[in-house]
Amino acid sequence: MEEHNLTVVTEFILLGITDHPELQAPLFVLFLAIYLTSLVGNLGMIVLTQVDSRLQTPMYFFLRHLALTDLGYSTAVGPKMLENFVVDQNTISYYGCATQLAFFIVLIACELFILSAMSYDRYVAICKPLLYTVIMSPRVCWVLVVIPYLYCTFVSLLITIEIFTLSFCGYNVISHFYCDSLPLLSLVCSDTHEIEAINLILAAFNLISSLLMVLMSYLLIFVAILRMNSAEGRRKAFSTCGSHLTVVTVFYGTLIFMYVQPKASHSSDTDKVASVFYTLVIPMLNPLIYSFRNKDVKYALQKTWGKTMQYIF
């Protein structure tokens with residue numbers, strides 16, 4: 001029987017966001033617009049921070065990697081979700097589901113640590129400005145992104161392999177619009193206590209450790225700002241970290257709402273709405289927040305756009 005359970009599931013059916021036919025077309029248009037905006041915005045941010053000479057600083061180095069992770073996990077989920085609106089039954093292969101889960105975990109976890117690295121960068125820029133170029137050297141910046149990439153890849157492979165070596169029952173319908181660990185574990189026949197414990201411990205460690213870094217950095221930043229005598233200096237300090245603080249609040253707020261609420265209050269519809277927000281809406285908002293609130297990015301965008309228009313015409 002166990003051998004049968006291991007071989008019976010060759011694909012999964014994704015239920016999607018809604019089962020109301022009248023909502024399929026408008027939701028498809030809405031989420032297509034959101035995904036394309038995210039795609040253009042994050043690709044533009046990656047290119048802009050790579051080619052513009054004024055954006056070759058640690059802050060924009062981290063911003064480029066933030067855009068890369070946003071682009072990655074929204075692309076891991078978005079196209080498959082959009083497919084659900086135009087086909088009668090949205091299926092995903094067994095290995096396709098495992099691949100989607102692996103990419104999603106590594107990229108969403110990386111975003112946590114990149115945001116914490118960005119908060120440390122803002123702390124150094126405001127609290128230790130004379131030592132900024134020494135502390136935030138290119139080598140340190142690369143260490144602050146490479147270690148999270150390696151660690152998150154390990155975590156992703158561990159969780160994905162643990163889940164997909166368990167035996168699935170014949171029921172293969174995932175009550176979600178992408179392959180996530182919790183909906184997948186509900187389809188497993190064998191004991192899931194070990195992988196659930198691993199999942200919980202790693203998720204808690206990733207969230208708490210990165211959030212502590214953010215909170216400590218901003219606590220020291222606010223103390224430094226309060227000690228400033230100049231009102232202009234305070235304004236500049238706040239504007240320096242305003243965009244990052246907005247992004248951090250939205251991202252961590254959504255994750256905390258998603259995973260810290262009591263289990264009894266969880267509902268499938270609420271989880272789907274929260275998932276849509278942090279898998280599609282946040283990756284769309286991040287480049288917009290940094291574009292509208294950052295003078296250097298706006299200037300670089302205008303300059304690049306002007307050069308592009310001159311080249312075309």
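Cys110 is buried, because its relative accessible area is 1% (buried means under 20% relative accessible area, exposed over 50%, and partly exposed in between, with a 1.4 Å probe and protein chains only). The model you are looking at is predicted, so local features need pLDDT of at least 70 and side-chain atom pairs count only at pLDDT 80 or more, while totals for chains, interfaces and linings use all residues. Residues are numbered from 1 along each chain as its sequence is written, and side-chain values use heavy atoms, leaving out hydrogens and water.

Which cysteine sulfur is closest to that of Cys110? It belongs to Cys152, but at 3.8 Å the two are too far apart for a bond. Cys152 is buried as well, with 1% relative accessibility.

Now look for a pair that does bond. A disulfide is a covalent bond between the sulfur atoms of two cysteines; here it is taken as a pair of cysteine sulfur atoms within 2.5 Å. That rule gives one disulfide, joining Cys97 and Cys179, whose sulfur atoms lie 2.0 Å apart. The pair links distant parts of the chain, 82 residues apart: Cys97 sits in helix 4 (residues 94-127), and Cys179 in the loop between strand 3 (173-174) and helix 7 (181-185). Helices (H or I, at least four residues) and strands (E, at least two) are DSSP runs, numbered from the N terminus. The torsion about the S-S bond is about -125 degrees, so this disulfide is left-handed. Cys97 is buried at 0% relative accessibility, and Cys179 is buried at 0%.

Finally, find Asn206 in helix 8 (residues 193-226). Asn206 counts as buried because its relative accessibility is 6%.
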